[in-house]
Every structure is written in structure tokens, then in C-alpha cells.
Amino acid sequence: MKKRGWIILVGLGLLIAGGLWFASTRGWFSSRAPNELTVGVILPLSGDAASYGEKGRRAVEMARDLAAQSNSCGPVPLRVVFEDSAASPATGIAAFRKLRSSDGATVVIGDVVSAVTLALAPLAEEGHTVLLSPTSSAPAITNAGPYTFRIWPSDLAEGTAVAELATSRGLRRIAVMHMNNDYGTAIAGIFERTVRARRGEIVLSAAYNPDTTEFRSTLTRIRAARPDAIYIAGYFADTAVIVRQARALGIDVQLLGTTAIEDEGFLQSAGSAAEGIIYPLATGFDAASTDPAVVRFVTGFRQRFGATPGWVEAAHYDAFNLVCRATAAVAPNDPSSDAIRRYFEGMPPFQGLGGTFSFDRNGDVVKPIVFRTVRDGRFAALR
Amino acid sequence: MIESFAQLGIIAAASFSVYALASLGFLLIYIPAKFFNFTAAVPVLLTPYIAYAVIQRSGSFALGCLISLAAAGILGGFLYQVVFRRLGASGYSATIQLVATLGIYTAAVGVIGLIFGQQSVRIDPFESEAILLPLEIRVSFAQALSIGTAAAAILCFHVVWRRTEVGLRLRAMADDMILARILSIPVSRYAMFAFAAGFVLLGLAGVLGGFDSALRPTFAFPLVVVAMVAAAVGQGNARFAAALAASAVIAIAETAVAWYAGEAWARPVSLVCLIVILVWAGTQRRNSLRQV
């Protein structure tokens, strides 16, 4: 009797589990209305990269509201659902699964952090869901699969461009400090290879962990090596500390940074030590531009959030508007992820805030890189 | 080469200053708590943020430091009265109390994140200015302040610990809490004092450590890990000289390893060094006990 009871219990459990699985694959639990299309947005809203995530969320919210007012996304309404990745691949995967099974997302915008985007890409391929990253730059994303796109150039492009600029300016002996994560390691590796290929010399290459706040030991060694320049491959917070500690040690050589430093927090944290640092911008976005679309975006953003938007906001704004344009074009006839993927693959150049771009056959963005610097306490175009 | 080593000496001294203050503070709160508690990270985190907020509003650096350190002391006393005294009296195991302290630390990180945001902020009012010494050695104002303040604080601590009635009673409590009660020492009052003083020292370590770097809600934890390791070398029982020596070993090892192999290797290698020292010290102690 006892044995039979157990068998019935296990059988019932299996039946319920199977039913739940079947229902979830059919989207029966989806909270999406039948006539709308869900856009999932995965951002690091907590954790080390939370400042980037919050900026992205604001930009997407603004883009969504403006699109709803102007009805620019076509007749199929878009529902936006935000999820937190905490800059962690495991949390990002859970967020993606929730968006797919519970919200029925057709397109997912995300993530800011390359490691999370790389973790999401296999799920996007498996579930045939378009994944569009606004800012991920890891070279491995190029081969992530046909459903993964990004509107930020690969580190390959950024690292190569900085190395070419440095060597063309006669900076031959270069020291490299890079963050010990996917981003820092990849971009520094590409930079070093390009410098050596152009007959330059890497006098020192040192890694640091993301929570490091004391860099003076490495900087002392760099000072003794007397390089022409220091390339810092990291985010803005750590770059700001390195820049300040370098200047305090009397290191007065040319500093080179990454796109990630274009953030008001960098200027605030680095102070006058930031003057003259050169960095690439993988987007042509300039908040001071007189382009009507940029002026409208910057003015609206300032009114709504009381802050000046930067490249993170611009990239997320462009990502949402690109999805909006794709759905306007294909969703009335075929509101599937496959239709949006096909649209991205063959789309005409898209005019975003960061310039005009399209995708290559790997889903990588095709657009030029510009160089900028800090002049008189502000970000400015490099002359 | 000599210039580089002299410069590294300054860097190690500045790091030691911060680690020493943190480990002294940690050992002080260990006296009544009797377990390794993560609440030590709370003053390290909160104090520099309070200093930052006061400096932002008043423009006075000294006022910011004073108010934030006073707040750290009050918080220490308050936490002892409200949490640790009751937890201790209720007879919970050290493990359960340790989990409770993790909860307090996590709450503090959340509160700081909500108030100040996740973005890093800076409290250093000295820009990148530095004092130029012979051999091209540069000491930033923040480093000079750290070394000077820590030296003064350690000296004051030594005087209080060795030469005053308060120090005598705290030493009695560190040796044997029950015996201290039998000797009519008002243990509860001195425990609250130890928490308050420990929090002030930890807060001072946070402010000085946060000077040259950027403050982030997560920046306190690595510093407290170092303090815990130093305290472990001191066996957690008011062996302040051992804790200071361990702090010095960590600071020197970190500086040397960071110089040689990059900052990414500094913390792991220095902690491995300490484990080796711990094992060696343990063996020595066993041998001397056998001889006795």
C-alpha cells in the first residue's frame, strides 16, 4: 500500500512537471497580450557595473516613451520588460530564461557586460531569440551565432585603432595596465599585438583585479621603465585612480584609455590629472553636437533625468530604436524573432545617435571609430 | 633602482598604516564579541561615505572627518547594545552570530548603494599633489596623512592599552571575561567602549584608505579581510603586536608582488605568505611547548 502510494505520488509529480514544461514551451504562462511584442532588456542594475545599467535603463525608458508618443514602432505595440543581470552570467541567464518563458520576449536587448552577453548568446541561439547588445565588445561575440548582434565594435577594432594612433604619433615604448577580466584582457592583448606588429615595444604589461585601489607599485615600475605612453585598459573608476596616482608619482607621459572612460564620474574622480588623456570612442555620439536628433535626445534626457547623457545612454537609445524600426518593418506581417533577425541581416544603414551603422555577416556593427581627449576638464574631440 | 625601492617603501608604509588601524580596530571589537565578525566592515564602509557627504555640504575636510569618526563610535556602541549584547546573552553559537553580522554588513552595503549610488565617488581633497623628497621619491598628501595619523593613533592606542585603567580592564576582559566579571569590572560598559573605539579605528582606516582611491559600496570588504587575517595571526586575543606585524607583512608582500607581477597577484600571494607564517609559527609554538 505504502509502495503504491509512492508510485502514484511520483507519477503525479511527473505528470505535473511535464504539463508545466509543455505549457511553458507553448508560452501559456506568458504575460504578454496576444497583440503585442515583448522586448526584454537585461542590464546590470546592481553590482559593480550598476552605474552603466541604470544609465541604460533610463535611455530605454525614454526611447520607449518617445516611440509610443510618435507611434514610430508601427501598429504592433511594444512592451518593455527590464531584468537585472547584476553583471553576472548566472544571473543574466536566469533573467533571459524568465524573459523567454514567462514574458515571451521576441527580442532581448543586453547586456552591457561582455561576459553576460556571451553567456546569453547560446540561449538566444537555442531559443531562436534575437539578442542585441548595445555595448558588449568582446571579440568572441563575433562568432556567437546568427541570432546575436551588437551595435558596439569589437575590442579588436578599438584596441587596434588606439595602437595605430599611438604608434603613428611616435609613441613607440608603451606600458600597459589592464583590468583582469574579459574586457581588459582582450583589449590589452589586441593592443599589444598591434603595437608590436607596428615595430613598437611593450615595456611592461600588468593586470589588476576589478576591486583594486592601490596601483602605485606597478606605476613605480613603469616610471623606472620610462615609457612614451601608458595604455590603461579598464573602466572609468579604476582608470581615474590610476591616472591620479600616476600624476602624483610624477609620471608625465601620454596616457591612453578606453571608450569606457567617457563618463562624468571619470572627470569628477580623476580631476585635473585626466587632462590630455586620449581614448577612442566607438560611437560618434557627442552630447554637444548640433545634430537635431542629438539635441532632441540630450534636451529631453536632461529635462527628464537632470543629467547629461553619455555613450551608454546613446547606445541603449539606439538599440531600442533599432528594434523599434525592425518591428515597424516586419511585425505587421511576421512578428517573429526570425523575421527581426532577417531584417537586421539585410537592413539599410541605420541613422543612430552614434552615427550611421549596419551589421556585417557576423552580426558585428560596421561603423568608424573616433578619438577624443579631456581638455579643460571636459571631454572633447581630439584635434 | 634605489629610487624605486625607496618609493616602494613609502607605498608599503602607507598601506601598512591603513591595515594596522583596521586590524587594531578589529581586535578591539573581538575582545567582547569573541568571534570574527563582519560588522567590522560597516564602519570601514560608512565612515568615508559620511565624511564625503559632510565635505560636500560644508566644504570642510576636518569637519567631515570628525563627524564621520564620531558617527562610527556612536554606531559601534549602539550596535553592541542593541545587537551583540543581546546575541551574546541569548547563547547563540559564534556561527549564528557571524551570519547575523553578515546580514548587518549586507544591509549597510545596500543602504550606501541606495543613498550614494553604485558609482564611485572621491573624497581626496588634495588632487594629485605630492611632496617631493630626495631620490625623486614622491609622497602624496594622502599617503603622508595616512602614515602620520596611523603612527599617532597606534601610539595613543599603546599608551591607553598599557598605561591606563581602561587598558588594564580591557586586558583583563581579553584574558578571561568570567574572571573580569568576578573582579567587579563593569564588563558591559567596557565592551561597549571597546566596540565604539574599535569602530572609530576601523572608520579611520576606511577614511584613510578611501582617500587615494574611489569609494564604492564594495570597497570595504577587502580591507576587512586583511584585518581579519592580521587578527588571526594575533590569534584574535588582544595580541596587538602580532596583528601589527602581520599587517606589515601583508603590506610589504602586496607592494613587492604588485611591483614584480602586477596588482592582480598582490592579494593572493600576500595571503599565501601569511598562511606559511601561521603554519611556521604554529610549529614553533608546538616545539616550545614540547620542550616545556
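A:T167 is buried, with a relative accessible area of 3%. This threonine sits in helix α5 (residues 155–168) of chain A, and beyond residues up to four places away in sequence A:T167 touches A:R172, A:V195 and A:R198. The model is predicted.

**Other buried positions**

- A:G265 belongs to helix α9 of chain A.
- The relative accessible area of A:G265 is 5%, so this glycine counts as buried, the limit being under 20%.
- Between A:G265 and A:R193 there are 30 Å in space, C-alpha to C-alpha, and the two are 72 residues apart in sequence.
- In chain B, B:Q97 is part of helix α4 (residues 94–116).
- B:Q97 has a relative accessible area of 8% and is therefore buried, again by the limit of under 20%.
- Apart from neighbours within four places in sequence, the contacts of B:Q97 are B:F35, B:L87, B:G88 and B:Y92.

**Domains of chain A**

- Chain A splits into domain 1, made of 37–153 + 290–366, and domain 2, which covers 156–281.
- The centres of domain 1 of chain A and domain 2 of chain A, taken over C-alpha atoms, are 29 Å apart.
- Contact between these domains involves nine residues of domain 1 of chain A and 14 residues of domain 2 of chain A.
- About 960 Å² is buried between domain 1 of chain A and domain 2 of chain A, with 60% of it on carbon and sulfur atoms.
- On the domain 1 side, A:Y52, A:P139 and A:W311 lose the most area to domain 2 of chain A, and together they account for 46% of what that side buries.

**Polar and charged links between the domains**

- One salt bridge is found across the interface of domain 1 of chain A and domain 2 of chain A.
- A:K55 and A:D263 form a salt bridge through their side chains, at 2.2 Å from N to O.
- Three residue pairs, both members at pLDDT 80 or more, are in polar contact across the interface of domain 1 of chain A and domain 2 of chain A.
- With three residues, α2(A) gives the most to the side of domain 1 of chain A that touches domain 2 of chain A.
- That side of domain 1 of chain A consists of six nonpolar residues, two polar and one charged.

**Interface of chain A and chain B**

- The contact between the chains takes in 41 residues of chain A and 33 residues of chain B.
- Chain A and chain B together bury about 2900 Å², of which 45% is on carbon and sulfur atoms.
- A:R216, A:S217 and A:R244 supply 19% of the area that chain A buries against chain B, more than any other three residues.
- Between chain A and chain B the count of salt bridges is zero.
- Polar contact links ten residue pairs across the interface of chain A and chain B, counting pairs with both residues at pLDDT 80 or more.
- Each of α2 (50–70), β7 (201–208), α7 (216–225), α8 (236–248) and α9 (264–270) of chain A supplies at least two residues of the side that touches chain B.
- The side of chain A that touches chain B is made up of 15 nonpolar, 16 polar and ten charged residues.

Notes:
Residues are numbered from 1 along each chain as its sequence is written. Chains are lettered from A and ligands numbered from 1 in the order in which they are written. This is a predicted model: local features need pLDDT of at least 70, side-chain atom pairs count only at pLDDT 80 or more; totals for chains, interfaces and linings use all residues. Side-chain values use heavy atoms; hydrogens and water are left out. Contact means heavy atoms within 4.5 Å. Buried area is the accessible area (1.4 Å probe) that two parts lose on being put together, summed over both. A salt bridge is a side-chain nitrogen of Lys or Arg within 4 Å of a carboxyl oxygen of Asp or Glu. A polar contact is a pair of N or O atoms within 3.5 Å; within protein, one must be able to donate a hydrogen and the other to accept it, and residues adjacent in sequence count only if both atoms are side-chain atoms. Helices (H or I, at least four residues) and strands (E, at least two) are DSSP runs, numbered from the N terminus. Ala, Val, Leu, Ile, Met, Phe, Trp, Tyr, Cys and Pro count as nonpolar, Asp, Glu, Lys and Arg as charged, and the others, Gly among them, as polar. Domain bounds come from an automatic or database domain assignment. Buried means under 20% relative accessible area, exposed over 50%, partly exposed in between (1.4 Å probe, protein chains only).
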